[in-house]
Amino acid sequence: MASASRPPRRALVFSGGGARGAYEAGVVRYLVEELPKRVGHPINFDILCGTSVGAIHACYMGATHQQGPSRGLQLVDFWRKMRLEEVLPFSRSDLFRVVRRALGRRKHDEFGAGNAPDRIYGMLNTQPLERMVVRAVPWRRIRSNVNAGHVQAVCVAATEIATGRVVVFLESGDRALPGWTRDPSVVPRITHLRPTHALASAAIPLLFPAVRINNTYYADGGLRLNTPLSPALRLGADRVLVVALRPHARHAHAATLARHRVEDYASPFYMFGKILNSMLLDHLDTDLARMRVMNDMIRDGESAFGPDFAEQLNDVSATRRNEKFRVIQDLVIRPSADLGAMAAEVLPTIPQAAMRSPFFRLAMRNLEEGDPTAESDLFSYLLFDGDFLAPLTDLGYRDAAAQEDALVRFFED
């Protein structure tokens with residue numbers, strides 16, 4: 001519930017999910033290209049939050065405010081032009097290097113003479129992908145847009161490896177953040193956002209190397225906060241638009257799950273995909289349910305005790321907890337299709353990439369010998385190829401368009 005003295009603060013929250021993030025690009029394109037035609041003005045968000053690939057998108061949105069509708073197609077093209085063999089090259093020498101790292105043979109080399117490397121312990125070579133991210137976002141524009149008031153705050157979540165806590169790196173016009181959270185495992189850190197912050201947030205454990213920021217190493221923020229809803233609320237959002245990268249749990253089909261044979265457990269690709277799903281388990285629905293219960297309590301209190309119930313409650317809460325309760329409107333856009341199943345359909349159509357990479361050649365062999373959906377979860381995170389990513393962007397665009405009426409209401413003051 002926004003104050004009567006100001007319009008509602010709107011937040012856009014992106015989830016994490018590797019290559020699945022192309023879906024978010026399709027949603028963004030609809031938001032900035034088509035939705036303004038319905039609402040009669042450009043679409044702006046006060047707060048932008050993201051984890052993993054969503055962190056990159058949050059920074060992109062914060063840095064490209066002045067570009068208008070063109071930034072949607074630009075982001076979609078960024079994804080569609082990717083080619084697997086160029087983005088994640090994986091040679092035989094890389095395969096031997098993975099084995100050496102697993103045995104700890106490179107530990108002394110990497111930390112020799114007291115030097116702390118910028119990246120450590122990743123199975124895959126992510127340098128080409130990192131270079132693409134650096135070029136795709138005009139990073140210095142984030143600060144100028146925050147200073148100009150076009151964006152109130154941009155934040156990305158990463159996991160601090162040494163402690164396991166979530167660090168929310170925050171570019172904000174407000175240097176003080178009173179009452180941020182009582183949870184010591186989620187801490188804010190005001191900074192000037194740079195590529196390293198987004199890349200740290202997107203460092204999928206084991207697969208992508210951990211990223212050093214100052215003297216500390218960080219990995220994927222999705223380990224603890226895959227959809228950073230709580231930072232958006234702490235920053236004062238009254239309305240939250242969330243772009244999720246998994247269908248709702250109730251849409252999972254038992255028949256599809258039943259097709260996974262016992263033999264699939266012998267496949268390392270199948271098992272690692274399930275482990276990755278577990279590590280990046282999204283608590284979005286739990287967070288939303290808790291928020292909606294609070295909304296109902298405030299509304300019930302106003303019905304029972306009068307329209308000033310929330311104001312009286314906040315008089316006490318602001319003194320004791322340094323925070324205020326309010327009704328928060330949410331809208332979630334989710335995939336209407338199984339992204340893992342889409343990856344399984346596309347993988348066999350990319351013979352050149354599979355032939356050039358021992359990693360994906362092995363994956364193709366597993367796909368041919370077993371259930372074609374068994375390894376799809378893993379490769380839906382890693383299939384950075386336009387043949388898979390273009391349909392994902394189209395799906396995101398369609399799913400956003402399907403919620404056009406709700407989006408129009410979301411942007412009404």
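User: Why is Arg29 called partly exposed?

Analyst: Arg29 has a relative accessibility of 21%. Buried means under 20% relative accessible area, exposed means over 50%, and partly exposed lies in between (1.4 Å probe, protein chains only). Arg29 therefore counts as partly exposed.

User: What kind of model is this, and how are its residues numbered?

Analyst: This is a predicted model in which local features need pLDDT of at least 70 and side-chain atom pairs count only at pLDDT 80 or more, while totals for chains, interfaces and linings use all residues. Residues are numbered from 1 along each chain as its sequence is written, and side-chain values use heavy atoms, with hydrogens and water left out.

User: Why does Glu33 count as buried?

Analyst: Its relative accessibility is 18%, so Glu33 is given the label buried.

User: Where do Arg290 and Asp287 sit, and how exposed are they?

Analyst: They are three residues apart in helix H14, so about one helical turn separates them. Arg290 is exposed at 53% relative accessible area, whereas Asp287 is partly exposed at 23%. Elsewhere, salt bridges that share partners join Arg38, Glu404 and Asp405 into one network.

User: What makes the phi of Ser52 worth noting?

Analyst: Most residues other than glycine have a negative phi. The phi of Ser52 is near 60°, a positive value in a residue that is not glycine. Ser52 lies in the loop between strand S2 (47-51) and H2. Its relative accessibility is 2%, so Ser52 is buried. Asn214 also has a positive phi, of about 60°, and is not a glycine. Asn214 is placed in the loop between strand S7 (210-213) and strand S8 (216-220). At 64% relative accessibility, Asn214 counts as exposed.

User: Why is Thr159 called buried, and what does its side chain meet?

Analyst: Thr159 has a relative accessible area of 5%, so it is buried. Thr159 lies in strand S4 (residues 153-160). A polar atom of its side chain lies 2.8 Å from the backbone oxygen of Asp220.

User: How do you know that Val87 is buried, and which residues does Val87 touch?

Analyst: The relative accessible area of Val87 is 1%, hence the label. Contact means heavy atoms within 4.5 Å. Beyond its neighbours within four places in sequence, Val87 is in contact with Met82, Asn125, Pro128, Leu129, Met132 and Phe384. The C-alpha atoms of Val87 and Pro128, 41 residues apart along the chain, are separated by 5.4 Å.

User: What makes helix H16 mostly covered?

Analyst: In helix H16 (residues 339-346), six of the eight residues are buried. These are Leu339, Gly340, Met342, Ala343, Ala344 and Val346.

User: What makes a set of residues a nonpolar core?

Analyst: Such a core is a set of buried Ala, Val, Leu, Ile, Met, Phe, Trp, Tyr and Cys residues joined through side-chain atoms within 4.5 Å. The largest one has 85 residues, of which Trp79 and Phe208 touch the most other members. Helix H1 (residues 22-39) supplies the largest share of this core, ten residues. Another core, of 25 residues, lies apart from it and includes Ile47, Trp180, Leu225 and Ile328. Over the protein chain of 413 residues, 53% count as buried.

Conventions. Helix = DSSP H or I, 4+ residues; strand = E, 2+ residues; numbered from the N terminus. Polar contact = N/O pair within 3.5 Å; in protein donor to acceptor, adjacent residues only side chain to side chain. Salt bridge = Lys/Arg side-chain N within 4 Å of Asp/Glu carboxyl O.
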